[in-house]
Amino acid sequence: MAKLLNISLIITLLGLMACGQSNQQKQDNDQALKTKGKAIAQETFKALSKELKAALQKGGVAEAVPYCSINALPLTQTIAKKHNVSIRRTSLHIRNPKNFPNTQERKVLEDYEQSLKTGKTPKPQLTRLSDKQTMFNAPIFIKPLCLNCHGKVGEQISKKNYALIKSSYPNDKATNYKMAELRGMWSIVFQKK
Ligand code: HEC
């Protein structure tokens, strides 16, 4: 009897240990995905803003808007392919209808807005979409450069430039932002092989 008890105790302990270990592994894995997500978002941001700055310097908003509409997506896709992920930027107030948030993204964006209301800064985070897919999200904040095209019409964006933006994006909802406001978020989906 005592022996049986011992054995069942050992089995229970082993079970607990295995469980503890897999939790630890899960945490390590999540940490690795977050680090990777942040690095990919940073790489994409750098590539996009390098091109954006060059176009703005060359011909102002009039040059940069058409440039962005044509090149932003292919540039993002090249980086996505390299890392075997999908990369999107989305927002609750979108300019490009292609960036419309899906249900899971909308939930995270709403959580981010909620955090801000309670004085907290939204943070990078993961959502398990399925056994094979994990979504990484990180907030995108407005910087001075962004106000050229996402600020107030008639102030930071001239009426003439806004007409140009509107002609490409008639349903634009992405203006009136102020410095450091939440503009949207990165949405990167990792696929397990
Ligand atoms: C030259 C004008 C211009 C500037 C400057 C600019 N944007 Fe945009 N932004 C656009 C256009 C045009 C789109 C829609 C095309 C696309 O999907 O990239 C867009 C789309 C976005 C989106 C995707 C969601 C949506 O509304 O469709 C995010 C997020 C975004 N911009 C953030 C920023 C941030 C952050 C900055 C500053 C670092 C910035 N933008 C600077 C013109 C600009």
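This is a predicted model: local features need pLDDT of at least 70, side-chain atom pairs count only at pLDDT 80 or more; totals for chains, interfaces and linings use all residues.
Let me begin in strand 3, where threonine 134 is the bridge partner of arginine 128; strands here, like helices, are DSSP runs numbered from the N terminus, with at least two residues (E) for a strand and at least four (H or I) for a helix. Residues are numbered from 1 along each chain as its sequence is written, and side-chain values use heavy atoms, with hydrogens and water left out.

Strand 2, residues 125-128, runs antiparallel to strand 3 and is joined to it by four bridges, where pairing requires that DSSP finds at least two bridges between two strands. The two strands form a hairpin, with four residues between them.

Now to the ligand, which is surrounded by 19 residues, the closest being Arg95, Cys146, Cys149, His150 and Arg183; a residue counts here if one of its heavy atoms lies within 4 Å. Which residue is the only protein donor of the iron atom? That is His150, through NE2, at 2.2 Å, where donors are N, O and S atoms within 2.8 Å of the metal (3.2 Å for Na, K and Ca), and since water is not among the atoms, sites may look incomplete. Histidine 150 belongs to helix 3, residues 147-150.

Is cysteine 149 buried or exposed? It counts as buried because its relative accessibility is 13%, and buried means under 20%, exposed over 50%, and partly exposed in between, using a 1.4 Å probe and protein chains only. Beyond residues up to four places away in sequence, cysteine 149 touches Val61, Val65, Arg95, Ile157, Ile165, Ala174 and Thr175, a contact being heavy atoms within 4.5 Å. From cysteine 149 to alanine 174 there are 25 residues in sequence, and 8.5 Å in space, C-alpha to C-alpha.

Finally, the largest nonpolar core has 15 residues, of which Ile40, Val85, Ile87, Phe136, Trp186, Ile188 and Phe190 touch the most other members; such a core is a set of buried Ala, Val, Leu, Ile, Met, Phe, Trp, Tyr and Cys residues joined through side-chain atoms within 4.5 Å. Helix 1 gives the largest share, seven residues.
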